[in-house]
Amino acid sequence: MRDVAIIGAGETKYGEHWEKSLRDLAVEAGLKALEDAGIGAQDIQAIFGGNMSAGSFVGQDHVGALIADFAGLAEHKVPAIRVESACASGAAALHSGYMAVASGLYDIVLVGGVEKMTDLQGDMVTDILAGAADREWEVFFGATFPALGAMMARRYMYEYGLTKEQMALLPVIAHKHGAMNPDAHFQREVTVDQVINAPMVADPLTIMNCSPVSDGGAAVVLASADIARKYTDSPIKISASVAANDYLSLHERESLTRSPSTIEAGKKAYKMAKKEPKDIDLVEIHDAFSIIALLGIEDLGFAKKGEGIKLAEEGQLYYDGDLPYNVSGGLKAKGHPVGATGVGQVVEIVKQLRNEAGKRQVPNARVGLAHNVGGTMTSSIVHILEVM
Amino acid sequence: MVVPRFWRERRSRYSLIGTKCPVCGTVYFPPRSVCPKCGRKSVGKMEEVQLSGKGKVYSYTIVHQNVIGYKYQKPYVMAIIETPEGPKLTGQIVDVEPEKVHIGMPVHAVFRRIAEDGKAGIIQYGYKFVPDEE
Amino acid sequence: MVGIVTYGSYIPLYRIKTAEIARIWGDDPEHPEKGLGIKSKSVPAYDEDAATIAVEALRNALRRKNIPGEKIGAIFVGSESHPYAVKPTASLIAEVVGAYKAHAADLEFACKAGTAAMQNVYAMVKAGMVDYGVAIGTDTSQGQPGDALDYSASAGGTAYIIGKDEVIAEINHTVSFVTDTPDFWRREGQRYPSHGGRFTGEPAYFKHIITAAKMLMEKASTEPKDYNYVIFHQPNGKFPLRVGKRLGFTKEQIQQGLLTPYIGNTYSGATPTGLSAVLDVAKPGDRILAVSFGSGAGSDAFDITVTDEIEKLDRDAAPKVWDQINRAKYIDYAQYLKFRRMIVEVD
């Protein structure tokens, strides 16, 4: 195994891209990453593309081939493989790309993530996203994805006394950061009152506890660390890339208030990167629902169980706090184009570690952690990045 | 029109048929062909077991934005039910005022229409839950 | 001895008051109760149909006494609102209880399909073909909004397991009387039934019930005073009392099994559920007369004697009929239309 670095990163704005198709978004993100790395398509040896459900969202499968084709790589016979792990598809693609370079099979690969979600009506999108849960034993009986998140939240409230007002602090922080990110889906701040009084999706989750339906693409170029400096002065090292899985359906879990897959991925990632939670300068945590972010904060070791929300209450999660959280805006404000999200989190961390994040720049950021989950924290993937 | 995908699950959905690992005794619902705890030792030996349909609310939510097929039932209560046999099940709680549902509430399974394949397709039946009589 | 081994009923939770229906259609709100003797009627929830009602009724019967599926040799389900026009209900019941070797069939015979099912099973047990058989009367009956039936057409059902061992109520005699008298019908492809108005009374309901009841009492050598309870088909709250009076029965004999004033007409479920309400309170030795009626179908009559075994049956293991009647949640007419899928299409 050899070290792997990110030598280029790029992404589209997240949001409702009425004029852009799946391939437009993928190609835009990919070309930005190549441009950032200062390389041409002919330098790419393989593509790993994260995508959850283009087959359902736009009727297009074989997404790897589509992306490679329209990025101009069909001419070079570059292998392009789609990777799917529900909302963790992006991080799963990065994990695949990481393994491909670390193993020595390839020296330079492009990792992308893309989702085009707004071509369908709301209830159809809800139905497709529910495919991340167990279709036959959860969704068939009427469980939406937010309903599953809501049951996690309800149980957490029951076990630890969390209030809706406390839980609302997480979207408030995410929106505060989103307002500083010109590529975010939502660039406005919100208040606790706005969050708790928003339309109810699945009690106790209002629409402001849920990430939006977004279009978007994100991409990074990976290279083996020993050649990274040939392409950039500021390569970012992938110090850890770890995936872990749990039971698919929520009802199989012993507890709804902790995620064994996130705990496992976090522990292994810290070990692999030789880091501890206190060494992390910023985190991008999967906040598809506020409750998932709260479990993420605790299960990644940043707070004791039941006490994660204190970090929000103490103001530590703002970009200038002790644990800058979702400074991109997170899934909540930056947006959640499901297949792109995991790659987009890493694009943000790359920008932060390169000190290129503008108004939301975290001071002295040298180590960042990205936490991307699929399903009800079924698949958890953790990446730790650091300045080389 | 989809028939076999629903048809093949009918026994578990109609009659709560799960499986039990003869090695460690753990009961699973829906049925599994391998016990996650005992692995190879359980392969080919998992036994059918019928759940009683009794249970308690482990967690719940009131769904306001539905998946396709549930438009006319919203807002509806979804819950995870813990059964005395061990497994937890996801299902709707019906014939109840949503605001009266609480964690720990005793419920039992009933037989209801779950979904239907359009106006002309197959009606899919299965379990939901109702509160026990007070 | 051949008779009822266990029994169970199911009445949906939801009710609509007939005054609420009258409010919508501009009728005198007191008319349904005064004229028809119906205060309220049961309404199936959006996810209930004749099959789900049948399953719940049968499960209630099995809660009182469990008969394993492999011992059930026959299943007849009587209804005029089977969920499918083509695809049986009885096979669904067989699947639910694991009665894979049962002789199963659906019956559609106006409001007496439930009692016709009981006769079929009774005959098969008596003939020695089967040890136990299931007979179910179930309906989510249809009434066109604004029609007289809108006040009465309701939902409910009852299941009987008939056998020859541990019989709680012996069926001493059963007779039928049938003519072609079309007082109520629904043509193929029509959503709602039509009816002959006042023609449904004298030449239809009264003639058939009175004839069948007299035939039965003659066969059994009984008189009205020999019966502790009597159940008549109950399309409204008035007809059963009137036909009872003409036959020489008192209100007291009729009361326990007269459910229509509170839950409306459950069609194929009506006479079986009335009988179920009587069995809920019956004592050993009680004698029961039950007479069904179906439009254009005639009447089935049963002479039944409750046995000592009823004391051994765990009747409290399932909710009793009057307890189910009294646990009601009232809905308005708009919600009624939604539940009955009259203002919505399949999502």
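Predicted model: local features only at pLDDT ≥ 70, side-chain atom pairs only at ≥ 80, totals over all residues.
## Overall form of chain C

Chain C holds twelve helices and 14 strands. Its radius of gyration is 19 Å, close to the 20 Å that the globule rule gives for 347 residues, so chain C is as compact as a globular protein of that length. The C-alpha trace spans about 55 × 50 × 35 Å along its principal axes.

Of the 347 residues in chain C, 57% are buried. When contacts in chain C between residues at least 6 apart in sequence are considered, 79% of them join residues at least 24 apart.

## Contacts between chains

Two pairs of chains are in contact, and chains A and B share the most contacts. Chain A and chain C do not touch; 11 Å separates their nearest C-alpha atoms.

Between chains C and B, 18 residues of chain C are in contact with 21 residues of chain B. On the chain C side, the elements that give two or more residues are helix H3 (50-64) and helix H4 (90-97). H3(C) provides the largest share of that side, three residues. By residue class, the side of chain C that touches chain B consists of nine nonpolar, one polar and eight charged residues.

## The S3-S2-S14 sheet

Three strands of chain C form an open sheet with mixed pairing, in the order S3-S2-S14. Strand S3 (40-43) and strand S14 (329-330) of chain C stand at the edges with a single partner strand each, so one side of each has no neighbour in the sheet.

Strand S2 (residues 14-17) of chain C pairs with S14(C) in the parallel sense, over two bridges. C:Arg15 is opposite C:Tyr330 in S14(C). Helix H1 (residues 18-25) of chain C packs on this sheet and touches S2 and S3 of chain C. The direction of H1 makes about 55° with that of S2(C).

## The loop residue C:Lys164

C:Lys164 lies in the loop between strand S7 (155-163) and strand S8 (169-177) of chain C. Because C:Lys164 has 16 C-beta neighbours inside 10 Å, it counts as partly exposed.

Apart from neighbours within four places in sequence, C:Lys164 is in contact with C:Met1, C:Val2 and C:Val125. C:Gly196 is 32 residues from C:Lys164 along the chain, and the C-alpha atoms of the two are separated by 42 Å.

Technical notes. Residues numbered from 1 in each chain as written. Chains lettered and ligands numbered in written order. Helix = DSSP H or I, 4+ residues; strand = E, 2+ residues; numbered from the N terminus. Buried ≥ 20, exposed ≤ 12 C-beta atoms within 10 Å, placed from the backbone. Contact = placed C-beta atoms within 7 Å. Nonpolar A, V, L, I, M, F, W, Y, C, P; charged D, E, K, R; others polar. Rg over C-alpha atoms; globule rule 2.2 N^0.38 Å. Pairing = 2+ DSSP bridges. Axes fitted to C-alpha atoms, helices over the stretch in contact; angles between N-to-C directions.
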